[in-house]
Amino acid sequence: MDIAIKPGEIINNEQLTSIFLCAPQGGMRRSHRTNTLVLISDKTGLYKDRVEGDVFHYTGMGQVGDQTLTSQNKTLAESNHNAVDMHFFEVLKPKQYTYQGRVELAGKPYTEKQIDINGKMRNVWIFPLRLIHGDMELIQEIENLTGELNADQILDETEKERIVKTRIGQSLFKQKLLSQSKQCALCGVNDERFLIASHIKPWSISTNEERLDVNNGLLLCPNHDSLFDKGYISFDEKGSLQVGDDLNDTVLIFMNINPNIRLKMNERQKGYIYWHYHNRFKSKKILGAIWCK
Ligand SMILES: [Zn+2]
């Protein structure tokens with residue numbers, strides 16, 4: 001659902017309850033009517049929540065004794081599968097709820113020791129959470145960071161681009177691509193650690209929209225990313241692999257280049273591939289490839 005509240009806004013409990021149609025008390029509030037789970041981190045309360053980098057370590061619910069993965073702790077633990085939208089608030093002063101935005105699990109929940117409301121040591125569940133950025137927010141972030149870096153006299157352009165790409169673009173772009181497929185588009189490599197979210201039209205000359213457009217991406221293994229990025233391979237309008245004429249047979253075999261490979265493309269991807277073929281591909285002769293407009 002669309003929530004009529006923006007990150008950074010401070011509201012009171014009554015407003016919170018009426019937006020999410022949830023209960024007026026508790027740190028974790030499930031609403032079936034809006035299919036949401038509101039998570040409140042109360043800095044004035046019992047729980048020892050903490051932030052590390054961009055991950056928020058949120059303590060589960062249960063004020064007395066060991067916490068268990070039941071009730072809303074269960075809803076939160078299963079949030080990767082149950083399609084419940086999670087919204088995150090922080091309370092820095094009593095009765096003031098600062099909206100941080102939508103969140104998702106950033107890792108596996110784990111246990112640690114914390115003191116309960118009676119002062120006794122017990123086990124609690126900690127849930128690592130990460131903010132989910134909408135594309136518009138991301139574009140804003142890219143622009144802010146680019147602005148900051150441009151003010152820097154020391155870094156060169158390549159270095160600036162690398163920073164923006166790794167800080168913002170690459171990880172989220174890769175997540176988007178991984179949600180569609182979890183293997184190299186050209187071979188079978190399916191270990192996420194070795195897959196690269198490659199931009200078809202390079203990041204440096206893309207608009208911010210194109211930088212985040214999943215159609216402008218291919219998930220590739222390191223070898224195929226390198227060949228594609230440098231323009232030694234490309235695709236024709238049917239998605240058939242095109243191979244540069246300066247790659248010898250040994251390279252083709254050992255880099256696992258199979259000319260029979262076909263890339264399935266939708267119309268928007270086709271536009272980016274068209275661009276790549278005409279602007280990046282180093283050879284347009286060998287297989288007599290055609291790209292008609
Ligand atoms: Zn590959």
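At 36% relative accessibility, Leu21 lands in the partly exposed class, where partly exposed sits between buried (under 20% relative accessible area) and exposed (over 50%), with a 1.4 Å probe and protein chains only. This is a predicted model, so local features need pLDDT of at least 70 and side-chain atom pairs count only at pLDDT 80 or more, while totals for chains, interfaces and linings use all residues. Residues are numbered from 1 along each chain as its sequence is written, and side-chain values use heavy atoms, with hydrogens and water left out.

**Leu21 and its loop**
- Leu21 has a phi near 55°, which is positive in a residue other than glycine.
- You'll find Leu21 in the loop between α1 (13-20) and β2 (28-31); helices (H or I, at least four residues) and strands (E, at least two) are DSSP runs, numbered from the N terminus.

- β2 and β3 pair in the antiparallel sense over four bridges; two strands pair if DSSP finds at least two bridges between them.
- Arg29 has Val38 in β3 as its bridge partner.
- The two strands form a hairpin with four residues between them, and Asn35 in the turn has a positive phi of about 50°.
- Asn35 counts as partly exposed, at 32% relative accessibility.

**The zinc site**
- Four residues coordinate the zinc ion at 2.1 to 2.3 Å: Cys184 (SG), Cys187 (SG), Cys221 (SG) and His224 (ND1).
- Donors here are N, O and S atoms within 2.8 Å of the metal (3.2 Å for Na, K and Ca); water is not among the atoms, so sites may look incomplete.
- The arrangement is tetrahedral because the four donor atoms subtend angles of 97 to 117° around the zinc ion; four donors get that label if all angles lie between 85 and 135 degrees.
- Along the sequence, the donor residues are spaced C-x2-C-x33-C-x2-H.
- Cys221 and His224 are both buried.

**Helix α6**
- Within α6 (residues 222-229), the buried residues are His224, Asp225, Leu227 and Phe228.
- Down the axis of α6, those buried residues fall within an arc of 165°, so they line one face of the helix; the arc is that of the directions from the helix axis to the C-beta atoms.
- As background, an α-helix has 3.6 residues a turn, so residues three or four places apart point the same way.
- The cover over the buried residues of α6 includes β10 (196-199), β11 (217-220), β12 (233-235) and α8 (267-279), with contact meaning heavy atoms within 4.5 Å.

Definitions and conventions. Four donors count as tetrahedral if all angles lie between 85 and 135 degrees; four count as square planar and six as octahedral if opposite donors are over 155 degrees apart and all others between 65 and 115; anything else is irregular.
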